[in-house]
Amino acid sequence: MLKNFWYACEFSSAITNRPKQVLMFNQRFVLYRNSQGEIVALNDQCPHRGAAFSLGWIEKDCIRCPYHGWKFQADGECIEIPSNPPDTPVPKKARVPHYPTQEKYGFVWLFYGDLPATERPPLPTFPEYMVSTMRPVYDDSIDNANYARLMEANLDFTHVIAVHKKSFGQRIPINTTINYQVDKYDWGAVAKVNYESLGNSKSFLNFLLGGRPELKTKLTLYLPNVTLAEISVGRGSRFDVKFGVLVAHLPIDDHTTRVKRVLYRNVLPFPWLDGFFRKLDHKLAQEDTVVVSSLNSQPIPKISEEVHVAADALDITFRRFLQSFQTDFDGLSQDKN
């Protein structure tokens, strides 16, 4: 896993004044909102007997353990043990790690690390046209595959002709040459590929889009766990169909990932069609998952251990980031802080 990064870990709308468990890195976290609407994040494990705080309750901005009612502040310090007399000192070890959080783009971002605030990397900046003008729909699932392997699939231009050949990839010739340049920055990378044509059919859509439509794709990596696919179908007119597929990958363990997706669209932005687009996006995502879950090695191996070609450039950039920043390259950290 990558330490000292902000992880998109939950949708903001899912966090209320009731405890919510989030699983990452073989570890339980508990999140809740205080009376000011601010998010508190703690280890979801009472130091007394190890019960999950997420089964407890909130009382005056503090959280009560469901087992013996111990009361903990937002900074993780225990301030009350009901079975003790009021004047009994609370043991110094009666505290749990707490984590900084921020909210942006409808996500809660949790900082998993030990850097001071001034040295932490910034939150990513997503395209303004997408988040301000396009209709979002949300999906949440658990995939039986490694988070980094799933991210690789979302950063792969060439898998479309095989993995998605029965859906949207069927109109892209299988011998399409993929050639692109990767632009790398401090906390991620981006690349673009344009497919010249999606077919020869004389459909109304082709007429509306000004001829045989092009498929323009832009894939962006935001470390540590977010990918974005910007997709445009058309010929550069105002009628172009645009989608944005934003995915946060929560690494539960080496073989399990919680996947939180936001599909943005500029086409048919009616609320009553959200369910249709959610199901469509989920179906396409599962086409990836079926293949990725079958990979022989789930945690990503070292670059030298697999064969690569030029079209893998964006994935190779991702792997180099992993090797540069990862604290435990062979598997997810067991560190409980």
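Hi everyone. Before we start, a word on classes: Ala, Val, Leu, Ile, Met, Phe, Trp, Tyr, Cys and Pro count as nonpolar, Asp, Glu, Lys and Arg as charged, and the others, Gly among them, as polar.

This is a predicted model, where local features need pLDDT of at least 70 and side-chain atom pairs count only at pLDDT 80 or more, while totals for chains, interfaces and linings use all residues. Numbering runs from 1 along each chain as its sequence is written, and side-chain values use heavy atoms, leaving out hydrogens and water.

Now the pockets. On a 1 Å grid over the protein atoms alone, a pocket is an open set of points with protein on both sides within 12 Å along at least five of seven lines, and a cavity is a set where a 1.4 Å probe fits but cannot get out; lining residues have an atom within 4 Å of a point. Points are joined across faces, edges and corners, and volume is the space filled by probe spheres set on them.

The second largest pocket holds about 370 Å³. Of its 18 lining residues, Arg149, Glu152, Asp156, Leu295 and Asp315 lie nearest the centre. H2, H5 and helix H6 (313-325) each give two or more residues to that lining; helices here are DSSP runs (H or I, at least four residues), strands likewise (E, at least two), numbered from the N terminus. By class, the pocket lining has seven nonpolar, three polar and eight charged residues.

On to cavities: there are three of 30 Å³ or more. The second largest cavity has about 70 Å³, and H5 gives the most to its lining, with three residues. That lining divides into four nonpolar, three polar and three charged.
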